Amino acid sequence: MAEPHIDVSIETKDVPPAPRRDPNTCPSCQSHYRDDELEANLWLCLHCGHHFPMTARARITSLADTGSFVEEAADLRSEDPLNFFDLRPYTERLAEAEMSTGLGEAIVIGQAAVENRSCELAVMDFTFMGGSMGSVVGEKFSRACDSAIERTVPLVTVTSSGGARMQEGILSLMQLPKTVCAVEDLHDAGCALIVVMAHPTTAGVLASFASLGDVSLAEPNALIAFTGPRVVQQTTREKLPDDFGLAEQNLRFGHLDAIVHRQELRPTVARLLRLFDGE
Amino acid sequence: MASEAELRLRERLSKLRSLPLLGGARLSGELERLQRQLDRMTAEPTDEEIWRSVELARHADRPYTLDYVARLLDDWFELHGDRGRADDGAMVTGLGKLDGRTVVLVGQQKGRDIQERTKRQFGMPYPEGYRKAMRAMELADRHGFPVISLVDTPGAYPGVAAEQHGQGGMIAQSQALMARLRVPTVACVIGEGGSGGAIAIALADRVLMQENAIYSVISPEGCAAILWRDASQAKKAAAAFKPDAAHCLELGVIDGIVPEPEPAAHADVDEAARLLGESLRDALDELDSFSGDELRRRRRAKFRSLGIFA
């Protein structure tokens, strides 16, 4: 027998949980796909063009020339400097993320070529703890800058992150100035930074290296916001515009150079690499 | 456990003593204070002590940026406006003399009564506020004035207009500017050092924290709401991410702790200002020996070394 339940709440602070959706079902047109169908089509909805999230590995495969990617600093792993324990220990969350994603951290860096132009790649992965930036993400991004400087090539970074990693406390906040300083070194050395913001690029990552690109690109409909819509709504009770924080709004307000469809991304990056080459 | 924490603090102390940045006797007051703390302490700050810091950092009578300006700087001249679109009340910038030497001061400002709090957005700047700070810091760089930055914000303002005007980008650019400056810079967290809104003006050669200030990646309430799914678990969250000055020093995030009068800064604002002024002066004196390029190189190297990993 079902439990009798009378709802007497007038206003609830908690947003009702979103209905569980299959990750392979398109949220805008409800088309459903197998993994291999999406993989063969750059993780785009064949019906409406919706951009499904892409893992770092899939992204690198889609951008870099075949066989050109040489990964760097793959062995760096997070520590647990605060012995952080919320509902579960941080170390357990890390181990689980590594098991489920096959990645050591939320960013993959390495040397690559795009249409025969050398560059350095730094690609974030949202599936690893929400792409959050802790000490290792900061360190790997900084090393990507150094690797680009060493070879005098541009750095191309694809961002996808919920922000700083709370489990590392103040040290995660320090990754903002750390990556900013690395970008400044990169710029002083005359190397370009090309930023591709994928969904979502928010909080600490947006407030640091992601916003310092010589050229800023974004994928359609990507959420690009320092503070996300839910928190803005809850704190200020303002009515949010329909396209609040989306790439399209950011373009309109002058925070981006272009919104690039995923199919156009590789040729666009290649064109920019040619332009920065000065030839 | 207790002895382990004690050992760590002893190690920290001996490191501090040998560090050239503390300039021998100049910061001896601070060393003494740390020594006192060590003597008093047999364990790390307890959860209760951490929460006490959170409460003191947000105390309604805690001195704000302009309270210190009035006590520390002569000939204060406030600079208004970002030269673009607004004059953000949550960010104060201006010129003044510290011991006869012209400095540029930037800092967040909270309000005392409801009108002032509204005017100053509870110390939460819009992007315009950060641009205003950038404008003042650029002025400092042009004329060779040191920059003093007083950090006191719950965070950058989380609103629709703030987002539309580019909150994230402006915080990044303000840090980038600070990474380029060729003048000495000293930042001190005097209350709440709330996340991106704080670090935007805290990428400095020397970063100090008042004894009862907090410096954190997210507010305890925000952290609790996300990780515990319950904002009322703030105390637990604060205990977990340790935003107090002692822990920040231990992690190498700050260079020194500025003592406060007992029991906290609000009890004796004049004395709090005197102690802050002393620490700022010491920090600026140490930085005097470096050239602009050297300052910049060392500043970047310092921030690039932050983080713990395997």
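How do α6(A) and α8(B) lie relative to each other? Here are some notes on that and on what surrounds it.

1. Some ground rules. This is a predicted model, where local features need pLDDT of at least 70, side-chain atom pairs count only at pLDDT 80 or more, and totals for chains, interfaces and linings use all residues. Residues are numbered from 1 along each chain as its sequence is written, while chains are lettered from A and ligands numbered from 1 in the order in which they are written.

2. To the opening question: the axes of α6(A), residues 175–188, and α8(B) come within 9 Å and cross at roughly 60°. Axes here are lines fitted to C-alpha atoms, for helices over the stretch in contact, with angles running from 0 to 180 degrees between N-to-C directions. The two helices are therefore oblique to each other (under 35 degrees is roughly parallel, over 145 roughly antiparallel, 65 to 115 roughly perpendicular, and the rest oblique).

3. Who touches whom? On the α6(A) side you'll find, among others, L176(A), P177(A) and V180(A), and on the α8(B) side A172(B), Q175(B) and R180(B) are among the partners. Contact means that C-beta atoms, placed from the backbone, lie within 7 Å. Helices (H or I, at least four residues) and strands (E, at least two) are DSSP runs, numbered from the N terminus.

4. Now zoom out to the whole interface: 44 residues of chain B are in contact with 53 residues of chain A. On the chain B side, α8(B) gives the largest share, 10 residues. That side has 27 nonpolar, 12 polar and five charged residues. (Ala, Val, Leu, Ile, Met, Phe, Trp, Tyr, Cys and Pro count as nonpolar, Asp, Glu, Lys and Arg as charged, and the others, Gly among them, as polar.)

5. Inside chain B, α8(B) also packs with α6(B), residues 127–143, at about 15°, with the axes 9 Å apart. That makes α6(B) roughly parallel to α8(B), and this crossing is left-handed. The contact includes Y130(B) and M134(B) of α6(B), and M170(B) and L177(B) of α8(B).

6. A140(B) is buried, with 24 other C-beta atoms within 10 Å (20 or more is buried, 12 or fewer exposed, in between partly exposed). Leaving aside neighbours within four places in sequence, A140(B) is in contact with V104(B), F145(B), V147(B) and V183(B).

Technical notes: Two residues are in contact if their C-beta atoms, placed from the backbone, lie within 7 Å. A crossing is left-handed if the near helix is turned anticlockwise from the far one by less than a right angle, and right-handed if clockwise.
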